[in-house]
Amino acid sequence: MTYTSVRIIYNPNSTSGVAEKRASSLASSLKSKKIPKVYLHATTSAGDAELYAKKWAAKEKSPLLISVSGDGGYHEVINGALSGARSHKNYNPICAVLPAGNANDHRRATRKRPLVQGIGAEQVESIDILRVRIVRPDGSIWRRYAHSYIGLGVTAQVAHELNKVSLNRFIEIWITLQTLGKIRWFRVSEEGAKSKRYDSMIFANIHSMSKTVRVGEQTNLHDGRFWLSKVRHRSILSQFYMILKILIKGYPKPNNVGSYSAAILSDIKMQCDGEVYNLDAGSTILVTGELNRLRTIL
């Protein structure tokens, strides 16, 4: 057996108990297939999933860590797993997600087969993920992995808000208008050049986000590259028009790149798979595509 154990991590209060039901059903299905050492682990607060994943990734050689969640819960699990295994050269945790959230962009974009089937057949593969490295003004370094996307600015925030609700065109427009009033442009200096003002940047490892928004073509998860879309600052009216175009047609002319770096000249919010973090002015950012860094079942 490839897995030293199967750890199913879920939030019992998520999506009105749906996550708990799906976690229990998954555990029963795996046990019926005679897969040994299947455990259920309920979280009680934000950050628990990451702590659990880190703990088992540091204790076992190849645990299968399954997040029964949306993209945010899975974000915690992959970061915990990769952090826990970092100090053990031969430890290789495997991560997977069973959708139980609003967006589920990662599973929707990468799914190849039913999860139970893939687990039973031990169909493990290594795929690319994103890594962001921030050097703060005080010189401290902060790192984070993202399975699907990293976003700066207004379109990332709009996508995050859209993920929370069931959508129709009126709701999309209303949420867009509300969000535009909360987010401001930001300045960066790229490769030491003169600063530029942007409304949005998206670094995407998958080709769609926020349920329906396209980011480039079908993503190759085995080349260490990702989609980069940058939207320069414009008026509120032009922003609104641009976001509507993005919702309908996708992000404009994304580039396929292996890395991006810049100096951050404004205090801004950054999203990794929908999880929000603060970036201080004076920081530097480096986003890279990490080749075959995540072992998973798709």
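Both faces of strand E1 are covered, with Val 6, Ile 8 and Tyr 10 buried on one side and Arg 7 and Ile 9 buried on the other, where buried means under 20% relative accessible area, exposed over 50% and partly exposed in between (1.4 Å probe, protein chains only). This is a predicted model, in which local features need pLDDT of at least 70 and side-chain atom pairs count only at pLDDT 80 or more, whereas totals for chains, interfaces and linings use all residues. Residues are numbered from 1 along each chain as its sequence is written, and side-chain values use heavy atoms, with hydrogens and water left out. Helices (H or I, at least four residues) and strands (E, at least two) are DSSP runs, numbered from the N terminus.

- Five of the five residues of E1 (residues 6-10) are buried, so the strand is largely enclosed by the rest of the structure.
- In a regular strand the side chains alternate between the two faces of the sheet.
- E1 pairs in the parallel sense with strand E3 (residues 64-69) over five bridges, pairing being assigned if DSSP finds at least two bridges between two strands; within this pairing, Val 6 stands opposite Leu 64.
- E1 also pairs in the parallel sense with strand E2 (residues 38-42), over five bridges, and Leu 40 in E2 is the bridge partner of Ile 8.

**Helix H3**

- Helix H3 (residues 71-85) has 15 residues and reaches 21 Å from its first C-alpha to its last, close to the 21 Å expected at 1.5 Å a residue, the expected span being 1.5 Å times one less than the number of residues.
- Of the 15 residues of H3, 13 are buried, so this helix is largely enclosed by the rest of the structure.

**Nonpolar cores**

- The largest nonpolar core has 25 residues, and those with the most contacts inside it are Val 132, Ile 150, Leu 152, Phe 203, Met 270 and Ile 285; such a core is a set of buried Ala, Val, Leu, Ile, Met, Phe, Trp, Tyr and Cys residues joined through side-chain atoms within 4.5 Å.
- A second, separate core of 21 residues includes Ala 23, Ala 27, Val 38 and Ala 100.
- Leaving aside residues up to four places away in sequence, Val 132 touches several residues, among them Trp 142, Ile 150, Met 270 and Ile 285, where contact means heavy atoms within 4.5 Å.

**Aromatic rings and charges**

- Rings of Phe, Tyr and Trp (its six-membered ring) pair if their centres lie within 6.5 Å, with planes under 30 degrees apart counted as stacked, over 60 as edge-to-face and the rest as tilted; by this rule the count comes to five aromatic pairs.
- Phe 203 and Tyr 260 form a tilted pair, at 5.4 Å centre to centre and with 50 degrees between the planes.
- This pair links distant parts of the chain, 57 residues apart, with Phe 203 in strand E9 (residues 196-204) and Tyr 260 in strand E14 (residues 259-264).
- Both Phe 203 and Tyr 260 are buried, and ring pairs link these two residues and Phe 226 into a cluster.
- The charged end of Arg 197 sits over the ring of Trp 185, 4.7 Å from its centre, the criterion being NZ of Lys or CZ of Arg within 6 Å of the ring centre and within 35 degrees of the ring normal.
- Arg 232 lies over the face of Tyr 198, at 5.5 Å from the ring centre.
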